[in-house]
Amino acid sequence: MSTETGSMVFAGNDLGDEMSLLDLLDHVLDQGVILRGNLVISLAGVDLVYLGLDVVLTSVETAMRHITRSAPAAAKK
Amino acid sequence: MQEPANSEPGPESMDLGRPESRIDCTPENIEQGLAKLVLSLIELLRQLLERQAIRRMEGGSLTEEQVENMGEALMKLEAKIHELATHFGLTPADLNLDLGPLGNLLEK
Amino acid sequence: MSLLLYCVAKPSALQDESQPGVAGTPVSRIEGSNLAAFVSRNDHHEVWLRTPLSTSALEFHRVLTGLFKSAAIIPFRFPTILESDQELAELLNQRSSEYNTLLSKFENWTQMEAQVSYSNPGGPAPTESGTEYLLERQRRQRTLADFGSELGSAISVAGEWRHRSMKSGLRCFALVERNRIAQFKERMQSISVPAGLKVRVSGPWPVTEFLDPN
């Protein structure tokens, strides 16, 4: 294994091998205009999407509202 | 576990997922998913600490012993994180989950 | 009726696009406030958020790539979901001049990216002292930072260059005209990468990193 220089590879932005899938995902989840924050954290599988810390706070609040809304005895807001 | 029909988690909420929409939800996967998130956060902290340590070392105001202790602590922390990651079947790449604006802490 | 927002483009662009979107929901083109917005519609937004999310994210990317081949677009972060056509109309109205300015500004531009990371993720040799460990990390850090600067100044063909520190290393963005992409790649190829680092070049992507003035 050469240790003389590092490496440079060129990826097209179409789907290719496993590695470029991860790079693609990295890009998709990191780029683009954010409107008022969208957070989805998936706990299933190895799939985690995290977008924006400020949204975590909103999300907890929103989640609480949803939980309250769906409970049979909850008072209406 | 049935959820009432009108409880729709919005995109802003934790997607704990309705049973019918989950493809690969097992207790092991959830555990690994959580581990990935937690260790990713810890890895971010470790990197921040590493940068701070290097800065202080460069600052010249620390004794040799202090530098040595700091370095050793960080070294052990990194080894421990890798050990935990391996335990959960995670690779070093898995710990590079970028955490939005938290990642900006690495700037500067 | 929920809407998944893909991107906006100038109304003159992309007239003829019909394609499948995320989770099989078709892509629709909606005009408003002198903009063309590309969306998918569905009764419930969960359809776009099914796990594994990576599938939806990659389908989202495919839509954007297809559209971007022929025109400048401003993509939205996946997943951006609106709850009504009304909401979309309001959004377009609000941002019409901002987006049109950007779409004009970057009409013939793309974003090329270079991820610089360590070829060896790390992990100390067991016999290293704490001091040696820190010195080695310092050296690595400097190599990365120096190379980042070198990369920036070497890419003279790029209109602009930015980079961000990430956990995995350095993320670099170059603004490159559509007709100078090949030139950019050649220039990148001529740069020698220091030992211990690896570079992954990708693109062309729609311009997203340069939308802010700073």
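Two residues are in contact if their C-beta atoms, placed from the backbone, lie within 7 Å. On that basis, the contact between chains C and A takes 37 residues from chain C and 30 residues from chain A. The model is predicted.

- Four elements of chain C give two or more residues to the side that touches chain A: α1 (53-68), β4 (74-75), α4 (181-189) and β9 (197-205).
- The most comes from β9(C), with eight residues.
- Sorted by class, the side of chain C that touches chain A holds 20 nonpolar, 12 polar and five charged residues.
- β9(C) also pairs with strand β1 (residues 7-11) of chain A, in the parallel sense and over five bridges.
- Within this pairing, A:Val9 has C:Arg200 of β9(C) as its bridge partner.

**Domains and strand pairing in chain C**

- Chain C is divided into domain 1 (2-105) and domain 2 (109-205).
- A distance of 32 Å separates the C-alpha centres of domain 1 of chain C and domain 2 of chain C.
- Strand β8 (residues 169-177) of chain C runs antiparallel to strand β6 (residues 109-118) of chain C, and nine bridges join them.
- In that pairing, C:Gly169 in β8(C) is the residue opposite C:Ser117.
- β8(C) also runs antiparallel to strand β7 (residues 160-166) of chain C, through seven bridges.
- Here C:Leu170 in β8(C) is the residue opposite C:Ser165.
- The strands β7(C) and β8(C) form a hairpin, with two residues between them.

**Helix α1 of chain C**

- The 16 residues of α1(C) should span 22 Å at 1.5 Å a residue, and this agrees with the end C-alpha atoms, which are 22 Å apart.
- An α-helix has 3.6 residues a turn, so residues three or four places apart point the same way.

**Nonpolar cores**

- The largest nonpolar core has 37 residues, and those that touch the most other members are C:Tyr6, C:Cys7, C:Val8, C:Ala9, C:Leu67 and C:Ile73.
- One helix of chain A, α1 (18-30), supplies at least two residues of this core.
- From chain C, β1 (2-9), β3 (35-42), α1, β5 (81-82) and α2 (85-105) each supply at least two residues as well.
- A second, separate core has 16 residues, among them C:Val116, C:Ile155, C:Phe173 and C:Met188.
- In soluble globular proteins, nonpolar side chains tend to be buried together.

**Chains A and B**

- Chain A has two helices and one strand.
- Read from the N terminus on, the elements of chain A run β-α-α.
- Of the 77 residues in chain A, 29% are buried.
- Chain B has two helices and zero strands.
- In chain B, 32% of the 108 residues count as buried.
- Of the contacts in chain B between residues at least 6 apart in sequence, 74% join residues at least 24 apart.

Terms used: Residues numbered from 1 in each chain as written. Chains lettered and ligands numbered in written order. Predicted model: local features only at pLDDT ≥ 70, side-chain atom pairs only at ≥ 80, totals over all residues. Nonpolar A, V, L, I, M, F, W, Y, C, P; charged D, E, K, R; others polar. Pairing = 2+ DSSP bridges. Domains from an automatic or database assignment. Buried ≥ 20, exposed ≤ 12 C-beta atoms within 10 Å, placed from the backbone. Expected span 1.5 Å × (residues − 1). Core = buried A, V, L, I, M, F, W, Y, C linked by C-beta atoms within 7 Å.
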